[in-house]
Amino acid sequence: MIEKSGRIRIVHAWHAMGFGGVETMLVNIVNKQAETEDVTLLVINEPFEESLLQQIDKKVRLVRIGRRIGSKSPWPVFRLNYILLKLRPDIIHLHSPNMIKFVVPFIFVSKLCVTMHDICFAKNPNVPKLRRFRHIFAISQTVKESIARFTGLDSVVIPNGILPRTPCRPRMPQDGNEFRIVQVSRLLHYRKGQHLLIRALDELKKQGFDGVRLDFIGTGKSLSYLEELVRELSLQKEVRFLGAKSQEYIFRCLCEYDLLVQPSLFEGFGITVVEAMAVKLPVLVSANEGPFEIIGQGKYGFYFKNGDFLDCAEKIKKIMTEGVPSGMLELAHERAQTLYNVNRTAQRYLEEYRKILEQCPRGFFRSRGKRG
């Protein structure tokens, strides 16, 4: 058993640091844990978003392996494992099962834990790799249930979190004013569903709602496809693509909108939904998995049928014409500040690390500790 006063040597490892929910949350977690523990953030691939670099606390040891994405060279793998041996970590926390390919497992098996940020499904390449871990974390109850269904493995739910925020006063649209919608995520329409939102906007315009405006914040492989869809539907005046933005920018601008919509076809969590709830911006999500769990199946936000752009349009119209039920935004704000507080997330991980270390004594090599 470890001494309670002893600092835990923790290595968090992630693929690359661009704009994204995992990346910004990971920076917040390492900063918080570094207040009491010895924390290293190990980033395998380049490039590295410099604005995120500026947000990392000086107490956090930053190691950049410098691997180019797609490289077949073995040298980054050798360097990574050499660094791990030098650091002598108590815990190696991978934030994707796929990262196991970079780590020599027979050396570090008792130290390894992983967070599953995605829903398990038949063709998800991460699913088979989960079997190589003894300690698995799930970002939502939905993800935990999918892990059990596809692998039979147990996992510990530790919800993702955001920094506590002071709510702003949402815009109060009046008759004749624009109704402004925002969607924040990577532009991957086949999973994030941005095309459904564009078609919903087209349906609203056909019904005479000409004042609806839609901004997409984020970038990704589907940008050209979505831009073409906007041109095809003649929505160039209604839709803007603003590109990738920092966490601070997103928080500042959310109160310029009347509604955040997350139309994902499948999603393990939905950090931007929580960000909107934190500033008391109404949210509309597809009734699937993580986002639906976040809004308490309708208690803290609105939802539409998964994959149904017509129902999405109907729900937007209802919000525009009827408003938000009394008390919903306050309840949503309280939920975001407590259950989805990143300080709570960081602390929960520390509690689980200590349980792992009680099972597996500090040291380098394979332990016979039980699977967590």
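Modeller: A residue is buried under 20% relative accessible area, exposed over 50% and partly exposed in between (1.4 Å probe, protein chains only). The model is predicted, with local features needing pLDDT of at least 70 and side-chain atom pairs counting only at pLDDT 80 or more, whereas totals for chains, interfaces and linings use all residues. Residues are numbered from 1 along each chain as its sequence is written, and side-chain values use heavy atoms, with hydrogens and water left out.

Biologist: Which exposed residues are carried by the face of H9 turned away from its buried side?

Modeller: Helices (H or I, at least four residues) and strands (E, at least two) are DSSP runs, numbered from the N terminus. The buried residues of H9, which spans residues 223-232, are Leu-226, Leu-229 and Val-230. They cover an arc of only 100° around the axis (taken from the directions from the axis to the C-beta atoms), so they lie on the same side of H9. The face turned away from that side carries Ser-224 and Glu-232.

Biologist: Does His-189 count as buried or exposed?

Modeller: His-189 lies in helix H7. Apart from neighbours within four places in sequence, its contacts are Gln-194, His-195, Ser-222, Tyr-225, Leu-226 and Leu-265. Its relative accessibility is 18%, so His-189 counts as buried.

Biologist: Which are the edge strands of the open sheet of seven strands?

Modeller: Two strands pair if DSSP finds at least two bridges between them. In this sheet the pairing is parallel and the order is S3-S2-S1-S4-S5-S6-S7. Two strands each pair on one side only, namely S3 (61-68) and S7 (156-157).

Biologist: What angle does the direction of helix H3 make with that of S3?

Modeller: Helix H3, residues 75-87, packs on the sheet and touches S1, S2 (38-46), S3 and S4. Axes are lines fitted to C-alpha atoms, for helices over the stretch in contact, and angles between N-to-C directions run from 0 to 180 degrees. On that basis, the direction of H3 makes with that of S3 an angle of about 165°.

Biologist: Which strands does helix H15 lie across?

Modeller: Helix H15 comprises residues 342-359 and runs at about 165° to S6. The strands it lies across are S1, S4, S5 (112-116), S6 (135-138) and S7.

Biologist: Over how many bridges do S1 and S2 pair?

Modeller: On one side, S1 (residues 9-14) is joined in parallel to S4 (residues 91-94) by four bridges, with Ile-10 opposite Ile-91. Towards S2, Arg-9 stands opposite Asp-38. S1 and S2 also pair in the parallel sense, and the number of bridges is six.

Biologist: How many of the nine residues of S2 are buried?

Modeller: S2 is joined to S3 by six bridges and runs parallel to it, with Glu-46 opposite Arg-68 in S3. S2 is largely enclosed by the rest of the structure, because its buried residues number seven.

Biologist: Which helix stands between S1 and S2 in their β-α-β unit?

Modeller: A crossover is right-handed if, with the strands pointing away from the viewer, the path from the first strand over the helix to the second runs clockwise. The unit from S1 to S2 is right-handed, and its helix, residues 21-33, is H1.

Biologist: Which residue stands opposite Val-261 in S12?

Modeller: An open sheet of six strands has parallel pairing and the order S10-S9-S8-S11-S12-S13. Within it, S11 (residues 259-262) and S12 (residues 283-286) run parallel and are joined by three bridges. The residue opposite Val-261 is Leu-284.

Methods. Contact means heavy atoms within 4.5 Å.
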